Amino acid sequence: MLLFDFDGTLVDSNGLWVEVDKIFLARRGAPYTREYYEGVAHTSLPQCAVFTREYLHLEESCQEIMDEWMELAADRYAHVTLKPYVREYLTRCQKAGERMVLFTACVPAHCQAALEAHGLEHYFEQIIYTQQLGIE
């Protein structure tokens, strides 16, 4: 069985989150800095929200911050590009009879939007989301 990651592996979404961060910060008159990037990179959304709230001294709740990020990211995931040769590789694995599972920390709605936009959902026997497992 082949186990796949999603963000940055199948789809080119890393720049997407930088774009979301820049828009979020600009709405609050704050620059996108290396310090901010290091505080939120490779971290779960709840942890990013805590960092962002403290870093910017925001009165918004962490849930409000995450809701805004989700709204900003939703359309971007529906239009995210695939990494080179992803479809070809998945097709080759499928033709070889490989069982494939997607394991991701991506927000389920965002992942589904991207999979549907590119017609990839049929490749995976199962999609496991870390949020469903309670994993940060």
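Student: Thr130: buried or exposed?
Tutor: Thr130 is buried, with a relative accessible area of 8%. Buried means under 20% relative accessible area, exposed over 50%, and partly exposed in between, with a 1.4 Å probe and protein chains only. This is a predicted model, in which local features need pLDDT of at least 70 and side-chain atom pairs count only at pLDDT 80 or more, while totals for chains, interfaces and linings use all residues. Residues are numbered from 1 along each chain as its sequence is written, and side-chain values use heavy atoms, leaving out hydrogens and water.

Student: Where does Thr130 lie?
Tutor: Thr130 lies in helix α7, residues 130-133. Helices (H or I, at least four residues) and strands (E, at least two) are DSSP runs, numbered from the N terminus.

Student: And what is Thr130 in contact with, leaving aside neighbours within four places in sequence?
Tutor: With those neighbours set aside, Thr130 is in contact with Phe103, Thr104, Ala105 and Ile135. Contact here means heavy atoms within 4.5 Å.

Student: Which side chain makes a polar contact with the side chain of Thr130?
Tutor: That is the side chain of Gln131, at 3.5 Å. A polar contact is a pair of N or O atoms within 3.5 Å; within protein, one must be able to donate a hydrogen and the other to accept it, and residues adjacent in sequence count only if both atoms are side-chain atoms.

Student: Moving past α7, is Gly134 buried or exposed?
Tutor: Gly134, in the segment after α7, is exposed, with a relative accessible area of 62%.

Student: Let's zoom out. How many helices and strands are there?
Tutor: The chain has seven helices and three strands, and along the sequence they follow the pattern β-α-α-α-α-α-β-α-β-α. Buried residues make up 35% of its 136 residues.

Student: Strands next. How many bridges join β1 to β2?
Tutor: Three bridges join β1 (residues 2-4) to β2, and these strands run parallel. Strands pair if DSSP finds at least two bridges between them. Within β2, Leu102 is the bridge partner of Phe4.

Student: What about β2 and β3, how many bridges there?
Tutor: Four bridges join β2 to β3 (residues 126-129), again running parallel. Val101 stands opposite Gln126 in β3.

Student: Why is β2 called largely enclosed?
Tutor: Four of the five residues of β2 (residues 100-104) are buried, so the rest of the structure largely encloses this strand.

Student: What do β2, α6 and β3 make?
Tutor: Together with helix α6 (residues 108-118), the strands β2 and β3 make a right-handed β-α-β unit. A crossover is right-handed if, with the strands pointing away from the viewer, the path from the first strand over the helix to the second runs clockwise.

Student: Switching to α5: which residues are buried there?
Tutor: In α5 (residues 86-95), Val86, Leu90 and Cys93 are buried. They cover an arc of only 60 degrees around the axis, which puts them on the same side of α5. The arc is that of the directions from the helix axis to the C-beta atoms. An α-helix has 3.6 residues a turn, so residues three or four places apart point the same way.

Student: What covers the buried residues of α5, and which exposed residues sit on the face turned away?
Tutor: The cover includes β1 and β2, while the face turned away from the buried side carries the exposed residues Arg92 and Lys95. Just after α5, Gly97 takes a positive phi of about 85 degrees.

Student: Where is the place of Lys83?
Tutor: Lys83 is in the loop between α4 and α5, and this residue is partly exposed at 26% relative accessible area. Its C-alpha is 5.5 Å from that of Asp12, 71 residues away along the chain. Setting aside neighbours within four places in sequence, Lys83 is in contact with Gly8, Thr9, Leu10, Val11 and Asp12.

Student: Last one, α3. Which residues are buried?
Tutor: Cys48, Ala49, Thr52 and Leu56 are the buried residues of α3. They cover an arc of only 100 degrees around the axis, which puts them on the same side of α3. These buried residues pack against α1, α2 and α4. Just after α3, His57 takes a positive phi of about 55 degrees.
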